[in-house]
Amino acid sequence: MINGKSVLAIIPARGGSKRFPGKNLKTLGNKPLIAWTIEAAKGSEYIDRLIVSTDSEKIKEICLKWDAEVPFLRPSHLATDNASSEEVILHTLKWLKTNGKDGYDFFILLQPTSPLRTEKHIDNSVEQFVNDPNSSSLVSVSKSERKFDQMMVINDESYLEHSTIPVFSRKGLEEHSEFHYLNGAIYITSIPLFLKKGSLYSEKTSCYLMDLESSIDIDTQFDLALAEFFLSRMIIS
């Protein structure tokens, strides 16, 4: 709890993944990938309750070993590639209400594929969100080091063409000296607003800036190897 506001944390962790099968249970360091997020959430000063939403008995078993709460198994239709994060969150909130355990002011969504996001990042983002009276949602971002004026697309004939997306135009690049991308590590939203709008974003979505190393998102074997490198070299503070 922070400033009288109660905080619910949700970790979405489905069993399937076409691009990187079983990624939520891959070993990073000396523990399963999802354990990094569980530990960060449990180390938070502000989170009142942590729930893992999964469709997998195996993931549930691992999460319980790491002392995370898995009060239900997500239905299969919410564990497909087409199922949205918003649908998963709504299912969790409905379960809490049905079981008389709702009443939280806002939730923080913590994807298990962001293992280098720490309790410090979580608490700092919560503080930023709560201390901004005009913000009703927050997302974590990282500064992009890409040179967008060099972005290309491959056409139907397999030749390179400059992107026609307006923001990548020379004028757009001149007007925007820095670009940021959603790193997927942290999403915070007011629960009443989410139930009304059904979105992780609002007209006043604030941005919590994270460094590139902490922002790594595990989506491939290469990403996992890169995270191992950061850990082994103790680049992450």
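This report describes a sheet, one of its strands, a helix lying across it, and a few single residues in a predicted model.

## Basis of the model

Local features in this predicted model need pLDDT of at least 70, side-chain atom pairs count only at pLDDT 80 or more, and totals for chains, interfaces and linings use all residues. Residues are numbered from 1 along each chain as its sequence is written, and side-chain values use heavy atoms, with hydrogens and water left out.

## The sheet

Helices (H or I, at least four residues) and strands (E, at least two) are DSSP runs, numbered from the N terminus. Two strands count as paired if DSSP finds at least two bridges between them. In general, strands of a sheet pair through backbone hydrogen bonds, either parallel or antiparallel. Here an open sheet of 6 strands has the order S4-S1-S5-S9-S6-S10, with mixed pairing. S4 and strand S10 (205-210) are its edge strands, each pairing on one side only. On average, neighbouring strands of this sheet are turned by 25° against each other, direction ignored. For such angles, axes are lines fitted to C-alpha atoms (for helices over the stretch in contact), and the angles run from 0 to 180 degrees between N-to-C directions.

Strand S1 pairs with S4 (residues 49-53) in the parallel sense over 5 bridges, and Ile10 has Ile51 of S4 as its bridge partner. S1 is also joined to S5 (residues 106-109) by 4 bridges, again running parallel; there Leu8 stands opposite Phe107. S5 in turn runs antiparallel to S9 (residues 180-190), with 4 bridges between them. Phe107 has Thr189 as its bridge partner in S9.

## Strand S1 and Val7

Buried means under 20% relative accessible area, exposed over 50%, and partly exposed in between (1.4 Å probe, protein chains only). Strand S1 (residues 7-12) is largely enclosed by the rest of the structure, because 6 of its 6 residues are buried. One side carries Val7, Ala9 and Ile11, the other Leu8, Ile10 and Pro12, and both faces are covered.

Val7 belongs to S1 and has a relative accessible area of 0%. Contact means heavy atoms within 4.5 Å. Beyond its neighbours within four places in sequence, Val7 has contacts that include Ile2, Tyr46, Asp48, Tyr104 and Phe106.

## Helix H4

Helix H4 (residues 119-130) lies across S5, strand S6 (137-143), S9 and S10, and runs at about 150° to S10. Its 12 residues reach 16 Å from first C-alpha to last, close to the expected 16 Å; the expected span is 1.5 Å times one less than the number of residues.

The buried residues of H4 are His121, Ile122, Asp123, Ser125, Val126 and Phe129. They pack against helix H1 (33-42), S5, S6, S9 and S10.

## Asn24 and the cysteines

Asn24 sits in the loop between S1 and strand S2 (27-28) and is buried at 6% relative accessibility. A polar atom of its side chain lies 3.1 Å from the backbone oxygen of Arg14. Apart from neighbours within four places in sequence, the contacts of Asn24 include Pro32, Leu33, Ile59 and Pro112.

A search of the whole structure finds 0 disulfides, a disulfide being a pair of cysteine sulfur atoms within 2.5 Å. Cys63 is buried at 0% relative accessibility, whereas Cys207 is partly exposed at 46%.

How values were computed
Polar contact = N/O pair within 3.5 Å; in protein donor to acceptor, adjacent residues only side chain to side chain.
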